[in-house]
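I opened a new page for this chain and went through it one spot at a time. My notes follow.

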Amino acid sequence: MPATAREVVIIAEPDRALVELCGISMLERLLRVLQRLGVRRASIVSSSPEEIRRHVQRPSWARSEIVVDLVSRDAISDMGGALLVDGGSYFDSRLLDPLLKSDTPVLLVDSVPAADTQPLLTALGRSAGHHICGAAFVDRGFRNAEATLAIFAALAATGIELIDAREQPTYVTNLRRHIRPLWFPAPKPENIRLAEDLVFDAAQNGTLDLPAIAHGPIETAIIRRLCWTRITPMHITLFTAAVSSLVTVLFASGNLLAGTWLALVVGVLDGLDGKQARVKV
């Protein structure tokens, strides 16, 4: 069954789903990821529906193609096949894609989480040596009481088939590098910086030449600030094009020193639009 035909139910509690990372909330990021996986409608259940409703009603061009409904647990108690996902967790799209495509009930777990994420996982449950990631595909209805985060631990106890994040493909074609699919729950305030570092690293291109290696940390330092603004990748692209045109004018008019310095700036600007797009989905 294609992803667009799947029911998607997001369990969103404000204390986790509304935590902001790199300028957007965990819930907003999840919706953007789901849209890019082909999902066009998602239902959200929450113990604080009005707070979540106000959040998702904010205009967002980056998820404009996905329709979001807030529903009661009663409304989804008889649902059949559905992707259930924690709205307060970060998920690489490579981890949700196999759940959307599964024909049988499966639960996402991680047998050996990446070392960098360990400080973010201390409060999570484990089952048979696996960390429970907070995403599953179920093909049967579920009781009202199960439409909470506790459902994932309950599913683990049923002997459901597991998809291990550790075993998913690591090569990302458009980044030209191997990187382990990333997931983690909403970080506590003291771990925000660590979580953002993981997101920035996941947005870095591979197979870099020497100038690009030098540009990488500079780009990240700039994006660390730009991601909290309303500046979009298209804004950055247009600004870079304007600066590049100025470089051409400087060289053509014989201002070689100024043109060279500005050309070096363009080298950094050229990588910002893509990194902003990947960091903010």
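Which residue in β4 is the bridge partner of Ile-10? I looked it up, and the partner is Ile-44. One caution before going on: this is a predicted model.

**Entry 1. Around β4**

I widened the view from that pair to the strands. Strand β1 covers residues 7-11, and three bridges join it to β4. The two strands run parallel. Next I checked β5, residues 67-70. It pairs with β4 over four bridges, again in the parallel sense.

Is β4 mostly covered or mostly open? The strand spans residues 41-45, and four of its five residues are buried.

**Entry 2. Glu-50**

I stopped at Glu-50, which is found in helix α3. Its relative accessible area is 46%, so I logged Glu-50 as partly exposed. I also took a distance to Leu-70.

**Entry 3. α8 against α11**

How do the axes of α8 and α11 cross? Helix α8 is residues 210-226 and helix α11 is residues 272-279. Their axes come within 10 Å and cross at roughly 55°. That angle makes α8 oblique to α11. The crossing is right-handed.

I listed the residues where they meet. From α8 I have Gly-216, Glu-219, Thr-220, Ile-222, Ile-223 and Leu-226. From α11 I have Leu-272, Lys-275, Gln-276 and Val-279.

**Entry 4. Gln-204**

Gln-204 is in the loop between α7 and α8. Buried or exposed? Its relative accessibility is 16%, so Gln-204 counts as buried. I left aside its neighbours within four places in sequence and wrote down the contacts: Leu-175, Arg-177, Gly-216, Thr-220 and Lys-275. Gly-216 and Thr-220 are on my α8 list, and Lys-275 is on my α11 list.

**Entry 5. α7**

Which residues of helix α7 are buried? The helix runs over residues 192-202, and the buried ones are Ala-195, Glu-196, Leu-198, Val-199 and Phe-200. I noted that Glu-196 is in that set. Then I looked for what covers them. The cover includes β2, α2 (26-36), β7 (89-91) and β14 (183-185). Helices α8 and α11 also take part in it.

**Entry 6. Positive phi**

Most residues other than glycine have a negative phi. I noted two residues with a positive value.

Cys-22 has a phi of about 55° and is not a glycine. It is placed in the loop between β2 (20-21) and β3 (24-25). Its relative accessible area is 0%, so Cys-22 is buried.

Val-281 has a phi near 55°, also positive and also not in a glycine. It is found in the segment after α11. Val-281 has 21% relative accessibility and counts as partly exposed, because buried means under 20%.

Methods. Residues numbered from 1 in each chain as written. Predicted model: local features only at pLDDT ≥ 70, side-chain atom pairs only at ≥ 80, totals over all residues. Heavy atoms only, no water. Buried < 20%, exposed > 50% of the residue type's maximum accessible area, 1.4 Å probe, protein only. Pairing = 2+ DSSP bridges. Axes fitted to C-alpha atoms, helices over the stretch in contact; angles between N-to-C directions. Parallel < 35°, antiparallel > 145°, perpendicular 65-115°, else oblique. Left-handed = near helix turned anticlockwise from the far one by under 90°. Contact = heavy atoms within 4.5 Å.
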